[in-house]
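I opened my notebook to look up a few side chains and their partners. Come along and check each entry as I go.

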Amino acid sequence: MISLPFRVACILIAGFLIVLVVTHIYKLNNRKVFWGIGLTTIIGILILLGLGILRPSWGTETGTAIIVGISTAIGCAITLIYAAEDLYEKKRMKEKRTSAIETDPDLKIADSGHNPIKGEITLTPRLDSAVARDVFAKAIKEGYIVVNGNHYQWTLNKVLLAYMCGRIYCEDYPEKTMYDEKLFWMPGRVELFPGADLDKLFNMTDITQSRHTRKNKAAPTGSEKIDKLFE
């Protein structure tokens, strides 16, 4: 017969998972909800331990199950609290960027098919393409690019910028070899990389060199973020 402590541990974990699923389904991904679930879970476990309802003990099957259940529940609660702060920080940064764009006319983004107006960033003919406009817009939305005056400011490392631009302008692509499950940075058919224009656009130097030294090698860490911009 299943003991009471074991049943309590199972109910505790099941309740936590149900609340987590409901939270995900209804998009209740705000800071207070995640903090509330996390703290309630931890406090509930401490109360049950203090009342003696949960009595973990070593050397028995029931005791091991309770210890695993408690550890899992507390780990999930801490993960939720971390997620709450991570979501809050991302939301705060997004609101900050939105506010800056709305209040500063110099932070407008050039739109294809429209005549440039004062304050817009206009891509040079070598850089201007449908793919470039689409990817840059997605990168801005994700926070990888911040419009700063008359140029873009890249928030990730230079290698990822070179990787993204290589995919845009040289048709570079990620590929797994038959011998290795890692993604490799494969050069495309077009080899004319507009490095000088990109250096000026992003107010950086040696973007071309970053691409040249890394292509044909393992894709840089974080390349999956860039790949999603092309989906």
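**Ground rules.** I am working with a predicted model, where local features need pLDDT of at least 70, side-chain atom pairs count only at pLDDT 80 or more, and totals for chains, interfaces and linings use all residues. Residues are numbered from 1 along each chain as its sequence is written, and side-chain values use heavy atoms, with hydrogens and water left out.

**Salt bridges.** I searched the whole structure and found 4 salt bridges (a side-chain nitrogen of Lys or Arg within 4 Å of a carboxyl oxygen of Asp or Glu). I looked up Asp227, which forms one with Arg167, with 2.9 Å between the closest N and O atoms. This pair links distant parts of the chain, 60 residues apart: Asp227 is in helix H8 and Arg167 in helix H5 (helices are DSSP runs of H or I, at least four residues, and strands are runs of E, at least two, numbered from the N terminus). Asp227 is buried at 14%, and Arg167 is buried at 19%, because buried means under 20% relative accessible area (exposed is over 50%, partly exposed in between; 1.4 Å probe, protein chains only).

Next I checked Asp134, whose salt bridge with Lys138 has its closest N and O atoms 3.5 Å apart. Both residues lie in helix H4, 4 residues apart, about one turn of the helix. Asp134 is partly exposed at 39%, as is Lys138 at 27%.

**His151.** I found His151 in strand E2, residues 151-154. His151 is buried, with 15% relative accessibility. Setting aside neighbours within four places in sequence, its contacts (heavy atoms within 4.5 Å) include Ile121 and Phe202.
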